[in-house]
Amino acid sequence: MVTSSAGYDAGPRGDGVPGPPDLMEDVGLPTGSVAQRLGVSPTTVRSWERRYGIGPANREAGHHRRWSQQDVAVLEAMCRLTARGVPPGEAARAALAERPAATGGDNPPAVLRPPRTSGSGDGQAGRGPGGSRALRVGTVRPECRGLARAAVRLDAPEVVSILREAVGALGVVDAWTEVMMPALRAAGRKWAADGEQYVEVEHLLSWHVSSVLRGVAIDSLTTRTVRPVLLAATPDEQHTLPLEATAAALAERAVPFRMLGAAVPPRALLDAVHRLGPGAVMLWSQDRRTADRELAGLVSGSVWGQRGSRNRALVVTAGPGWARVRPLAGTATPRSLPAAVDLLERAVTG
């Protein structure tokens with residue numbers, strides 16, 4: 001995965017007075033735009049308001065609800081707390097207790113401006129060709145829903161916090177399977193449906209997932225005295241997040257590894273195998289076009305050591321790219337991260 005950034009633009013007010021910050025104006029956000037910003041449905045926002053009194057602090061009779069910056073901050077706190085498994089009622093009380101005091105004096109509190117659109121004012125502010133910006137993650141853990149919402153808000157600190165807490169509470173394998181992967185897949189589907197206007201969410205989420213996984217892998221100080229696992233993507237494969245998840249899971253089990261990363265040329269991989277003498281080699285392929293059966297055979301046939309005591313590595317061909325490739329003798333093709341990590345651990349410790 002690669003990363004990108006998106007810019008924001010704001011112009012001065014027409015009266016010659018410097019305008020408020022980019023996201024501020026004299027009217028608040030409507031409920032639909034608030035929901036879009038938080039990555040939840042408008043129905044959820046209305047339900048929270050009706051059940052828990054978590055609506056706008058200032059309302060005018062006969063007018064549509066408008067949510068100020070302080071109001072949205074309360075909803076963001078509600079999202080964070082429910083994502084951590086706090087019951088909605090308790091989360092609402094805690095979020096309301098933190099509501100900033102209303103601004104006194106003649107100046108009204110700053111409020112949020114709806115996002116710009118290129119439409120004709122049809123009430124669909126901020127909605128792209130794919131509809132709502134909320135990520136549809138299905139039936140998942142609360143941490144995954146919270147992660148998806150934080151990613152839609154581009155709330156990097158909250159994304160990192162949820163990822164770290166998930167790894168700490170569940171371990172790498174379950175955090176990857178139950179929290180990271182469903183959110184990543186939902187972001188990928190949304191990107192495919194909406195095109196470039198949604199890439200910032202997928203890139204931000206991928207970058208932070210990678211950062212947290214690498215942190216786990218690098219910060220591990222204890223390893224067992226066994227031959228290491230060599231991790232590499234096939235020569236034309238650029239995707240590395242599953243390799244990084246494998247590395248972090250191995251580190252969690254104190255299994256030594258060496259990460260070569262994306263697009264490793266055949267000669268470089270074979271040289272590394274002979275120099276390192278690994279107990280197992282994992283070759284990742286995301287797409288069948290990058291699954292290199294010939295290379296897997298060369299690695300599987302590589303031997304080293306003194307004559308009479310030759311060694312060879314177990315070759316693990318992992319990833320959906322290998323699904324339609326006829327397996328080679330001496331290789332294994334696990335179907336999940338838990339199975340792959342178990343197999344690699346047994347190969348070097350058994």
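Okay, let's start with a lining: the residues around the largest cavity split into five nonpolar, three polar and two charged. For that count, Ala, Val, Leu, Ile, Met, Phe, Trp, Tyr, Cys and Pro are nonpolar, Asp, Glu, Lys and Arg are charged, and the others, Gly among them, are polar.

Before I go on, this is a predicted model, where local features need pLDDT of at least 70, side-chain atom pairs count only at pLDDT 80 or more, and totals for chains, interfaces and linings use all residues. Residues are numbered from 1 along each chain as its sequence is written, and side-chain values use heavy atoms, with hydrogens and water left out.

Back to the cavity. Searching the whole structure turns up one cavity of 30 Å³ or more, and about 60 Å³ of space lies in the largest cavity. Among the residues lining that cavity are Arg-293, Trp-322, Arg-326 and Thr-333. A cavity here is a set of points, on a 1 Å grid over the protein atoms alone, where a 1.4 Å probe fits but cannot get out, and lining residues have an atom within 4 Å of a point. The volume is the space filled by probe spheres set on the points, which are joined across faces, edges and corners.

Now, helices. Helices are DSSP runs (H or I, at least four residues), numbered from the N terminus. Take α1, residues 31-38, and α2, residues 42-52: their axes come within 8 Å and cross at roughly 105°. So α1 and α2 are roughly perpendicular to each other, a label for angles of 65 to 115 degrees. Thr-31, Gly-32 and Ala-35 of α1 make the contact with Pro-42, Val-45 and Arg-46 of α2; contact means heavy atoms within 4.5 Å.

Next up, α6, residues 156-170, and α7, residues 172-194. Their axes come within 7 Å and cross at roughly 130°. That makes α6 oblique to α7. The crossing of α6 and α7 is right-handed, meaning the near helix is turned clockwise from the far one by less than a right angle. Where they touch, the residues are eight nonpolar, no polar and one charged.

Last one: α5, residues 142-152, packs on α7 at about 35°, with the axes 8 Å apart. Here Glu-143, Cys-144 and Leu-147 in α5 meet α7 residues including Glu-178 and Pro-182.

How values were computed
Axes fitted to C-alpha atoms, helices over the stretch in contact; angles between N-to-C directions. Helix = DSSP H or I, 4+ residues; strand = E, 2+ residues; numbered from the N terminus. Parallel < 35°, antiparallel > 145°, perpendicular 65-115°, else oblique. 1 Å grid on protein atoms, 1.4 Å probe; cavity = no way out; pocket = protein on both sides within 12 Å on 5 of 7 lines; lining within 4 Å.
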